Amino acid sequence: MNRFILKYPWILKKLYPKRLSRVAAEKTLFLSFDDGPIPEVTPWVLEQLDKYSAKATFFCIGDNIRKHPEIFKKIKDKGHAVGNHTFNHLNGWKTSTSDYLENFRKTEQIIESKLEKTLNSEEKLFRPPYGKIKNKQAAKITKLNYRIVMWDVITGDYDKNYDAEKCLKNTLNLIRAGSIIVLHDSLKAEKNLKYILPKLLEEYSQKAWKFKTLT
């Protein structure tokens, strides 16, 4: 049995219409990668994207940026977008608003220091780890001109007990124009990711679809 919901629930779209889960764009997909950058997986992801001239958005853990600044720089140098994913993958439901905001701000400062500039409003993207965030936390982050990004389809690549082929099949069945798709450049997802991503890129490149950033 799946331990995650493949599609972003329609009721949450109704309740939180300002949280981005899909983009109005024909024959375009928006790949996003959570939890990196790490040397074991992220460079491989960048190589796969390069093969298809695909662009993506990487929601980065602040502590991983701190530990692997050269990989973070490589993401940006290749024309991909980056977003804030907290400093150490906090669950907003289990964290006080003050601690959550401090953790979020810490990552914002690291991102800006590595980019050597202040983020403009278009570049301010945030995805809450696990998709779990309190309304008060979301309100404060939104007031800082951040766009909260959820997803249209989540691949489930991080679940080691989830068959990679089934994972791909379910993802392909749910994708539609403008879908924001969640994958993970993490050790936990590596096995499934290395099966899913090349096939996903090949399938939609053959259909002449584009892969773009969220900025």
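Colleague: Two strands pair if DSSP finds at least two bridges between them, so with that in mind, which residue in β7 is the bridge partner of I154?

Modeller: Bearing in mind that this is a predicted model, the partner of I154 in β7 is V182. Strand β6, residues 153–154, is joined to β7 by two bridges, and these strands run parallel. Between them the chain passes from β6 through helix α7, residues 164–174, to β7, in a β-α-β crossover that is right-handed.

Colleague: And what does β1 do with β7, parallel or antiparallel?

Modeller: Strand β1, which covers residues 28–34, runs parallel to β7 and is joined to it by five bridges.

Colleague: How many residues of β7 are buried, then?

Modeller: Five of the five residues in β7, which spans 180–184, are buried.

Colleague: Switching to charges: how many salt bridges does the structure hold?

Modeller: There are 12 salt bridges in the structure. One of them joins the side chains of R127 and D34, with N to O at 2.7 Å. That pair links distant parts of the chain, 93 residues apart, since R127 sits in the loop between β4 and α6 while D34 belongs to strand β1.

Colleague: What about K73 and D77, buried or exposed?

Modeller: K73 and D77 are both exposed, and their side chains meet in a salt bridge of 2.7 Å, N to O. These residues lie four apart in helix α4, residues 69–77, which means that about one helical turn separates them.

Colleague: Which residue does R176 form a salt bridge with?

Modeller: R176 pairs with D152, and their closest N and O atoms are 2.9 Å apart. This links distant parts of the chain, 24 residues apart, with R176 in the loop between α7 and β7 and D152 in the loop between β5 and β6. R176 is partly exposed, at 30% relative accessibility, whereas D152 is buried with a relative accessible area of 0%.

Colleague: Which residues are linked with them in a network of salt bridges?

Modeller: K7 and K13 are linked in a network of salt bridges with D152 and R176.

Note on methods:
Residues are numbered from 1 along each chain as its sequence is written. This is a predicted model: local features need pLDDT of at least 70, side-chain atom pairs count only at pLDDT 80 or more; totals for chains, interfaces and linings use all residues. Side-chain values use heavy atoms; hydrogens and water are left out. Buried means under 20% relative accessible area, exposed over 50%, partly exposed in between (1.4 Å probe, protein chains only). Two strands pair if DSSP finds at least two bridges between them. A crossover is right-handed if, with the strands pointing away from the viewer, the path from the first strand over the helix to the second runs clockwise. A salt bridge is a side-chain nitrogen of Lys or Arg within 4 Å of a carboxyl oxygen of Asp or Glu.
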